[in-house]
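Here is a short report on strand pairing and the nonpolar core. Keep the model open while reading.

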Amino acid sequence: MKRLVLAIAILGALAFGSGPLLTGSRVQASTTERAVVEFTETVKLRDVFLRGDYLIVHDDSKMAQGEPCFSIYRNEEPDKLIIAFHCKQVTRDKAASFTIRTSRRSWFELPEVLEIQFAGATTAHQVR
């Protein structure tokens, strides 16, 4: 009887203990990067013009599901989505601070956002 109880206890411990080992390869950690940014000059991001304070979010779990992974919200109204889009990740040197790369097609046009990189990241997110 003692052996039966001991055997059941050991099998139960193995069953519960091995669960995470069996599913660990299927679990992917979710990474969300966030930054609050103030655009002191108007910039163009796709078809949207930005000026003022914004919350910028990149969500790897949305990217893995094929959803728009990059979102920009008004900082004063965090529930108000301004734009969401798919990005293309590219390798860059580690950024010391939050960086936005822009370009002007001509001297009279507004700067257009091409790429965003979060502080400490070795990947940047290109606007598609």
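Two strands count as paired if DSSP finds at least two bridges between them. This is a predicted model.

**Strand pairing**

Strand β8 (residues 123-127) runs antiparallel to strand β5 (residues 87-91), and 5 bridges join them. One of the bridge partners is T123 in β8, which pairs with T91. Strand β7 (residues 112-117) also runs antiparallel to β8, with 2 bridges. Here H125 in β8 is the bridge partner of I116.

| Pair with β8 | Bridges | Direction |
|---|---|---|
| β5 (residues 87-91) | 5 bridges | antiparallel |
| β7 (residues 112-117) | 2 bridges | antiparallel |

β7 and β8 form a hairpin, with 5 residues between them. In the turn, G120 has a positive phi of about 80 degrees.

**H125**

H125 lies in strand β8. Is H125 buried or exposed? H125 counts as buried because its relative accessibility is 1%, and buried means under 20%. Its side chain makes a polar contact of 3.2 Å with the side chain of E33. Beyond its neighbours within four places in sequence, H125 contacts residues including H58, F70, C87 and L114.

**Nonpolar core**

In soluble globular proteins, nonpolar side chains tend to be buried together. The largest nonpolar core here has 20 residues. F39, L45, L50, I56, F70, I72 and F85 touch the most other members. Two or more residues each come from β1 (32-45), β2 (48-59), β3 (70-74), β4 (81-85) and β7. β1 gives the largest share, 5 residues. Not counting residues up to four places away in sequence, F39 touches L50, R51, G52, Y54, I56 and I100.

Notes
Residues numbered from 1 in each chain as written. Predicted model: local features only at pLDDT ≥ 70, side-chain atom pairs only at ≥ 80, totals over all residues. Heavy atoms only, no water. Helix = DSSP H or I, 4+ residues; strand = E, 2+ residues; numbered from the N terminus. Core = buried A, V, L, I, M, F, W, Y, C linked by side-chain atoms within 4.5 Å. Buried < 20%, exposed > 50% of the residue type's maximum accessible area, 1.4 Å probe, protein only. Contact = heavy atoms within 4.5 Å. Polar contact = N/O pair within 3.5 Å; in protein donor to acceptor, adjacent residues only side chain to side chain.
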